[in-house]
Amino acid sequence: MLSGQTAVITGASRGIGKAITLTYAQNGANVALVYARNAEAAEDVRQQAEAFGVKAMAYQCNVADYQESKKVCDQIVADMDSVSILVNNAGIAKDYMLLKMSEEAFDEVIDVNLKGTFNFIKHLSPTLMKSSAGKIINLSSVSGLMGTPYQTNYSAAKAGVIAMSKTVAKELSSKNITCNVIAPGFIKTDMTSSLSLVANGYIEFAVPFRRMGTPEEVASVALFLASEMASYITGEVIRVDGGLSM
Ligand code: NAP
């Protein structure tokens, strides 16, 4: 479905980003994996992707750092020749009640989730414009739609990702680039592994499907949005939340 394409996936070493990377590779895309610290996990994903017969390269980068992101994006373009798909998936959460949230916890979450998304769109747009039909897919969250207690920082960042994506969708439509958003609910990854809500039976209470989603259930939507099947969809937010936010 994606053969001949090259995809950049941030936060590709674990969780949802890992599932998207492997799904894309399985469907024929060359993949550039971006990770923050976990070199061993990234190398493991890279090897699994390569086993599908595609080119797979891994890059360490703090997406929140504008200059570092530029350097890595330039290196990716040099190594991979072209990029036609960008998935901004790297993200962190630092949850506290508003009254206990430090300035650092607020800034860090905004910088990785929101500014990191800006950085990669900004630095890779020139090469995406050269492909005949570029695709940008940004990971938001139902927190960005509804607001979630203890997540002033995260909800604000993820709402910002949605507004940014709609702006990018409008600005880059003339270059035949789509920009869409996936808003997951509770997905089984490291990010949700220590949530007390999960342990306390909240999922069974709040999610109509009465279970968490899997990274693969998010990856299949990311595959659809990266494919020509989604060629006339832009500025859209697709929730993958088992009905949590309806
Ligand atoms: P995860 O398992 O915690 O993995 C996070 C990934 O992001 C890792 O690959 C990590 O790299 C990378 N990363 C973190 N900070 C980074 C930075 N500064 N620069 C570059 N990479 C960085 O997370 P996940 O649950 O898969 O979440 C993926 C995305 O979906 C996030 O944007 C998250 O907000 C969103 N989301 C998740 C859920 C959920 O329930 N899991 C729900 C809604 C939205 P290292 O391995 O090197 O640390």
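Me: What counts towards the values here, and how are residues numbered?
Reply: Residues are numbered from 1 along each chain as its sequence is written. In this predicted model, local features need pLDDT of at least 70, side-chain atom pairs count only at pLDDT 80 or more, totals for chains, interfaces and linings use all residues, and side-chain values use heavy atoms, with hydrogens and water left out.

Me: How many helices and strands does the protein have?
Reply: The protein has nine helices and seven strands. Both are DSSP runs, numbered from the N terminus: helices are H or I with at least four residues, strands are E with at least two.

Me: Why is the protein called as compact as a globular protein of its length?
Reply: The globule rule is 2.2 Å times the number of residues to the power 0.38, and the radius of gyration is taken over C-alpha atoms. For 246 residues the rule gives 18 Å; the protein has 17 Å, which is close, so it is as compact as a globular protein of that length. Its C-alpha atoms fill a box of roughly 45 × 40 × 35 Å along the principal axes.

Me: Why is isoleucine 136 called buried?
Reply: Buried means under 20% relative accessible area, exposed over 50%, and partly exposed in between, with a 1.4 Å probe and protein chains only. Isoleucine 136 has 0% relative accessibility, so it counts as buried. This residue lies in strand β5 (residues 135-139). Contact means heavy atoms within 4.5 Å. Beyond four places in sequence, isoleucine 136 touches residues including Leu86, Ile121, Val168 and Cys179.

Me: What makes threonine 117 buried?
Reply: Its relative accessibility is 3%, so threonine 117 counts as buried. Threonine 117 is found in helix α4 (residues 103-130). Leaving aside neighbours within four places, it is in contact with Asn88, Val112, Asn138, Val161 and Met164. Across the protein, buried residues make up 51% of the 246.

Me: Why are α1 and α9 called oblique to each other?
Reply: Angles under 35 degrees count as roughly parallel, over 145 as roughly antiparallel, 65 to 115 as roughly perpendicular, and the rest as oblique. Axes are lines fitted to C-alpha atoms, for helices over the stretch in contact, and angles run from 0 to 180 degrees between N-to-C directions. Helix α1 (residues 15-26) and helix α9 (residues 215-226) pack at about 50°, with axes 8 Å apart. The two are therefore oblique. The contact includes Ile16 and Ala19 of α1 and Val218 and Ala222 of α9.

Me: How do you know that α1 and α2 are roughly parallel?
Reply: The axes of α1 and helix α2 (residues 39-50) cross at roughly 20° and come within 9 Å. α1 and α2 are therefore roughly parallel. Lys18, Thr21, Leu22 and Ala25 of α1 meet Val45, Gln48 and Ala49 of α2.

Me: What makes α4 and α6 roughly parallel?
Reply: α4 and helix α6 (residues 152-172) pack at about 15°, with axes 8 Å apart. They are therefore roughly parallel. Among the contact residues are Thr117 of α4 and Val161 and Met164 of α6. By class, the contact has 15 nonpolar, six polar and one charged residues. Ala, Val, Leu, Ile, Met, Phe, Trp, Tyr, Cys and Pro count as nonpolar, Asp, Glu, Lys and Arg as charged, and the others, Gly among them, as polar.
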